[in-house]
Amino acid sequence: SFGVIADIQYADAEDGYDFGGCRRRYYRQSLGLLRDAVEAWAAERPPLAFVLQLGDSIDGLNARRGEAEGALEQVLAVLGRLPVPVHHAWGNHELYNFSRARLVRTGLNSRRPPSGAVAGPPAGDCQAYHFSPAARFRVVVLDAYDLSILGREPDSPRYRESLRLLREKNPNDNLNSPAGLKEPQFVEFNGGFSQAQLDWFNEVLKFSDENQEKVVVMGHLPIHPDASDRVCLAWNYEDALSVIYSHRCVVCFLAGHLHDGGYCLDSHGVHHLTLEGVIETPPESNAFGTVYVYEDKMILKGRGRISDRVMHF
């Protein structure tokens, strides 16, 4: 079994609203909801194997207030009470607060020992990796901001490549605006997967096929239009899907980013679960879950806004 949580977006700030001005965000309360999640997970018997934190652990507000380091310390301190590894995806809000070079040196770099991680593509600073917590079961953590202009030096090759792609697809003055776009996912707050990462992903899944493993994939950005709105998808989500579809082993893709959550079972039998965000969860509720893995299915027991779900393989 393992824990799942997304979009904590903690900041020591009064409640605010989303970019549209209509969805309430409970910045300060989100840390309390995380504590409740950690307490529930710590009480699980038998104990969990690990926890997946699906990105956006602290809010971009922190950067503007000079509070990024302190906010991250508080979130990591709560997660640090767990006696099991926590695996982190990097989301856009991490990259509003820190450069990628800085994030590597924080507790959000879960590729480091003793997580049991096998590192991903050697080129560049891609944060993809995989680990096997049990026989014939593997988890792949993708870096959905491998292609992105967030958190990178403007003179770096990957920044220039990402900006060129973004401008090609999005002619708007405001690159965070999807107005009029045929492919509305091409906005600055999203990102994508480099070819090197996709090639590596393909090799991992080939290995899992050959060894008859079941694979759960996680990343901050959803990759299926039926489990997300179009604006929140990874830039080249279709490329990630085509890698998955060329193999038999993937059973589930877990994502955050879309605070409303979403779910679909796709035409290839892969479950796409987008978790509701903690940040838009009222203090008297919650938004986390525990996934129990069996030979032929996974059962999600959700808390608060997250519904229970049975996902058959």
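This is a predicted model: local features need pLDDT of at least 70, side-chain atom pairs count only at pLDDT 80 or more; totals for chains, interfaces and linings use all residues.
View 1. Residues are numbered from 1 along each chain as its sequence is written, and side-chain values use heavy atoms, with hydrogens and water left out. Asp56 isn't a glycine, yet its phi is positive, at about 60°. Most residues other than glycine have a negative phi, and most peptide bonds are trans.

**View 2. An open sheet of 6 strands.** Follow the strands in the order β5-β4-β1-β13-β14-β15, and you'll find mixed pairing (two strands pair if DSSP finds at least two bridges between them). β5 (86-88) and β15 (309-312) are at the edges with a single partner strand each, so one side of each has no neighbour in the sheet. From one strand to the next, the twist averages 20°. Strands β1 (residues 2-5) and β4 (residues 50-53) run parallel and are joined by 4 bridges. Phe2 has Phe50 in β4 as its bridge partner. Lying against this sheet is helix α1 (residues 29-42), which touches β1, β4, β13 (287-293) and β14 (297-304), contact meaning heavy atoms within 4.5 Å. The direction of α1 makes about 25° with that of β13 (axes are lines fitted to C-alpha atoms, for helices over the stretch in contact, and angles run from 0 to 180 degrees between N-to-C directions).

**View 3. The β14-β15 hairpin.** There are 4 residues between these two strands. β14 and β15 pair in the antiparallel sense, over 4 bridges. Look for Leu300: its bridge partner in β15 is Arg309.

**View 4. Phe2 and Phe50, ring on ring.** A search of the whole structure turns up 5 aromatic pairs (rings of Phe, Tyr and Trp, with its six-membered ring, pair if their centres lie within 6.5 Å; planes under 30 degrees apart count as stacked, over 60 as edge-to-face and the rest as tilted). In the pair of Phe2 and Phe50, the rings are stacked, 4.8 Å centre to centre with 10° between the planes. Phe2 is in strand β1 and Phe50 in strand β4, so this pair ties together parts 48 residues apart in sequence.

**View 5. Helix α1 against helix α3.** Two packed helices are described by the angle between their axes and the distance between the axes. For α1 and α3 (residues 68-79), the angle is about 15° and the axes are 9 Å apart. That's why α1 counts as roughly parallel to α3 (angles under 35 degrees count as roughly parallel, over 145 as roughly antiparallel, 65 to 115 as roughly perpendicular and the rest as oblique). The crossing of α1 past α3 is right-handed (left-handed if the near helix is turned anticlockwise from the far one by less than a right angle, right-handed if clockwise). From α1, Leu31, Leu34, Arg35 and Val38 make the contact, while α3 brings Gln74, Val75, Val78 and Leu79. By class, that's 6 nonpolar, 1 polar and 1 charged residues (Ala, Val, Leu, Ile, Met, Phe, Trp, Tyr, Cys and Pro count as nonpolar, Asp, Glu, Lys and Arg as charged, and the others, Gly among them, as polar).

**View 6. Helix α7 against helix α8.** The axes of α7 (residues 195-210) and α8 (residues 237-245) come within 9 Å and cross at roughly 20°. This makes α7 roughly parallel to α8, and their crossing is right-handed. Leu198, Phe201, Asn202 and Leu205 of α7 meet Asp239, Ala240, Val243 and Ile244 of α8. Sorted by class, the contact of α7 with α8 has 6 nonpolar, 1 polar and 1 charged residues.

**View 7. An open sheet of 7 strands.** The order is β6-β7-β8-β9-β10-β12-β11, with mixed pairing. At the edges are β6 (118-119) and β11 (262-265), each pairing on one side only. Strands β10 (residues 250-255) and β12 (residues 271-274) pair in the parallel sense over 4 bridges.
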